[in-house]
Amino acid sequence: MSSLSVPTVTGVRRRGAARLAAATLVSGLLAVGALAGAGHAAAVDAAARGQGGAIATMGGLETYGTAVIHGEDGDQEVPAGLFEMSVEGGGTLQTYCVDLYNPTQREAKYHETSWSGTSLGGNRNAGRIRWILQNSYPQVNNLAELARRAGTGAGLTEQDAAAGTQVAIWRWSDGADVEAVDPQAERLADYLEKSARVLPEPRASLTLEPPAVSGRPGGLLGPVTVRTNAEGATLIPPADTVADGVRVVGKDGKELTVARDGSRLFFDVPEDTADGHAEVTVQASTTVPVGRAFAAESRSQTQILAGSSESTVSATASATWAQSGAIPALSARENCAEGGVDITVANPGDEPFTFELMGLEHSIPAGTSRTVTVPLQEDQAYDFTINGPGGFEKRFTGVLDCRTQADTMADEHTQLMTEPSPATVGGTPADVNLAKTGGSATTPLIGGAAIALLVTGGAALLLLRDRRPTSGD
């Protein structure tokens, strides 16, 4: 495996300073699948993935230049530029990275997520990164115009534009003292950093709210509301394998053929249906909004979306039903403000729903909904399984990545390595070093820290936000 060779830079000055553009979502396709009326319900859900959106695999750094990072121990050079990721189901994403000192793993799986589930959520300047993305390469692909705006005095190459944009992002995402090696790229970085204004977080490409519902058979379970900026979408009827006639319908009980933003889906469960579980997956072919965050399902550097082809996005909602007793509806999302994972449990049944998690027992009274916050340490992998009545089982997995390594390792010595970290899809690398940047399987990725944190999870659980479940109408 080859590594990038970059020139030595001296006499560069210090600078300080961190973070994300909305595009139009086009027409899509809703697909209903995996509806099953079995008595045993089992599902595995990455907490952030459950929010919906695009799922992609890291390729490499495709368009890049060189930057120099100034530190107490001297100057270190790194490649800086634009990554490319391939989307499951079709499509390509272009991204820049945040969290400079965290490793980027080749072939890592990424999912679209809200800023609140990443280090961007705690960064008051995250909206400035969105402004940079909207006002620089590749969103502005007229390089002569971009050079004019930046006052570079000369033309910009794609490599200059990508490097300058990444450097400006790092100054806002990590407070990094970093400069572009190329003078034109550095002038662009200065312009973007100084001009950036705070913009709001962009909407998700596709999400379903809530992601889980429950109730008794013999009626409509829901609603599940479609949230998207697509002009329209199509609902594919349930497959022939759907057990016991369970359908996905509108409020009027008629099977849906189209859906759009604000459409409400219901699970129509016949009265004599055995206790069970069903899922509906909504898919769309769309342009993902610029500025959306992408978090890895293993320990790999958070990415921020700079551009998207028409790509496949999806979201899944589940329904659980029972004739009597507790009827849990479970969902989870990473909550960086609280430093953990929120597991929300709604129980519209007539008995308490009791479950055990991390050695503690919790009881959700009948007719209520509560959120259990599982505190975790930074970079801690988690794997929670919740069991319920009738063989009910739901598993949540992921890695908590809420802070930049600049924050968590401010007092630690960090070192840039010359080789990329090994690909470790679905796990944490045994040897976490500073991965480098590369544009293919034979060139390095950009990256991160020389120290991997070994964490344990013995923290107590917190019960928060007790509320009544929302009823459908």
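The model is a predicted one, in which local features need pLDDT of at least 70 and side-chain atom pairs count only at pLDDT 80 or more, while totals for chains, interfaces and linings use all residues. Residues are numbered from 1 along each chain as its sequence is written, and side-chain values use heavy atoms, with hydrogens and water left out.

The protein has five helices and 27 strands, where helices (H or I, at least four residues) and strands (E, at least two) are DSSP runs numbered from the N terminus. Of its 473 residues, 57% are buried, a term that means under 20% relative accessible area with a 1.4 Å probe, protein chains only.

Ala 54 sits in the loop between strand S3 (42-46) and strand S4 (55-71), and because its relative accessibility is 1%, Ala 54 counts as buried. Leaving aside neighbours within four places in sequence, the residues in contact with Ala 54 include Val 87, Tyr 110, Phe 294 and Val 313, contact being heavy atoms within 4.5 Å.

Helix H3 (residues 158-173) packs against helix H4 (residues 183-195) at an angle of about 40°, with the axes 8 Å apart, the axes being lines fitted to C-alpha atoms over the stretch in contact and the angles running from 0 to 180 degrees between N-to-C directions. That makes H3 oblique to H4, since angles under 35 degrees count as roughly parallel, over 145 as roughly antiparallel, 65 to 115 as roughly perpendicular and the rest as oblique.

Methods:
Buried < 20%, exposed > 50% of the residue type's maximum accessible area, 1.4 Å probe, protein only.
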